[in-house]
Amino acid sequence: KAMFYYLLAILGLSVIFWLLYKFRISTVCPICAAVVITWAAGLVALYLGLTGQNTLVVGILMGATLGALAERYGNKLGLLWKTSTVLLGFGAIYFLVVGEIYRGLGLIFAMIVITGFLYYQQKVPSQGRRDWFKDCC
């Protein structure tokens, strides 16, 4: 029964975001937005203890989002980023759906730090980077 409601939510939200996309109100991928909103609502419902929630479905939807992110930005940020994102993200999803929110958020924070570091490394040319030890000794 819960699966039906998750699928219905994804379908309904996809139609709404498709209309927003079609009329150029939003540039977000309709199915991506629908899946993220659905798993986020499912995760909140899990933490609120609402009946009829399914941790497996929420985890699968979160994993789909993680895979889409890794595929979308993996070529831009490199194999190290893609690998660390999948590994840390998998752990974060697990901890979040089993109720260990601080461990899950810790892994998400690690993902953000790695993403920022690799993004910075990519944007700043090697000759333009500041040598922190140049005037030392």
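Predicted model: local features only at pLDDT ≥ 70, side-chain atom pairs only at ≥ 80, totals over all residues.
Residues are numbered from 1 along each chain as its sequence is written, and side-chain values rest on heavy atoms, with hydrogens and water left out.

Contact being defined as heavy atoms within 4.5 Å, Thr38 touches Tyr6, Ala9, Ile10, Leu13 and Leu61 when residues up to four places away in sequence are not counted.

Helix 2 comprises 19 residues and reaches 27 Å from its first C-alpha to its last, close to the 27 Å expected at 1.5 Å a residue. The expected span is taken as 1.5 Å times one less than the number of residues. Buried positions in helix 2 are Pro30, Ala33, Ala34, Val35, Thr38, Trp39, Gly42, Leu43 and Ala45, and these pack against helix 1, helix 3 and helix 4. Ala34, a residue of helix 2, is buried with a relative accessible area of 0%. Its contacts, leaving aside neighbours within four places in sequence, are Ile10, Leu13 and Ser14. Ala41, by contrast, is found in helix 2 but counts as partly exposed, at 45% relative accessibility. Ala41 and Gly99, 58 residues apart in sequence, are 15 Å apart in space, C-alpha to C-alpha. Just after helix 2, Gly49 adopts a positive phi of about 75 degrees.

The packing of helix 2 on helix 3 was examined next. Helix 2 (residues 30–48) and helix 3 (residues 55–77) pack at an angle of about 145 degrees, and their axes are 9 Å apart. Axes are lines fitted to C-alpha atoms, for helices over the stretch in contact, and angles run from 0 to 180 degrees between N-to-C directions. The crossing of helix 2 past helix 3 is left-handed, a term applied if the near helix is turned anticlockwise from the far one by less than a right angle, with right-handed applied if clockwise. On the helix 2 side, Val35, Val36, Thr38, Trp39, Gly42, Leu43 and Leu46 take part, meeting Thr55, Val58, Leu61, Met62 and Thr65 of helix 3. The residues of this contact divide into eight nonpolar, four polar and no charged; Ala, Val, Leu, Ile, Met, Phe, Trp, Tyr, Cys and Pro count as nonpolar, Asp, Glu, Lys and Arg as charged, and the others, Gly among them, as polar.

The largest nonpolar core has 17 residues, and those with the most contacts inside it are Tyr6, Trp39, Leu43, Val58, Leu61 and Met62. Such a core is a set of buried Ala, Val, Leu, Ile, Met, Phe, Trp, Tyr and Cys residues joined through side-chain atoms within 4.5 Å. Two or more residues are given to this core by each of helix 1 (2–22), helix 2, helix 3 and helix 4 (79–97), and helix 3 gives the most, with five residues. Val58 touches Tyr6, Trp39, Gly42, Leu43, Leu46 and Val97, residues up to four places away in sequence not being counted.

Helix 4 has 19 residues and spans 27 Å from first C-alpha to last, close to the 27 Å expected at 1.5 Å a residue. Trp81, Ser84, Thr85, Leu88, Gly89, Gly91, Ala92, Ile93, Phe95, Leu96 and Val97 are its buried residues, and their cover includes helix 2, helix 3 and helix 5 (101–123). Gly99, which follows helix 4, has a positive phi near 95 degrees.

Arg72 lies in helix 3 and has a relative accessible area of 59%; its C-alpha atom is separated by 30 Å from that of Ala2, 70 residues away along the chain. Arg24 lies in the loop between helix 1 and helix 2, with a relative accessible area of 76%. Although not a glycine, Arg24 has a positive phi of about 60 degrees.

Notes. Helix = DSSP H or I, 4+ residues; strand = E, 2+ residues; numbered from the N terminus. Buried < 20%, exposed > 50% of the residue type's maximum accessible area, 1.4 Å probe, protein only.
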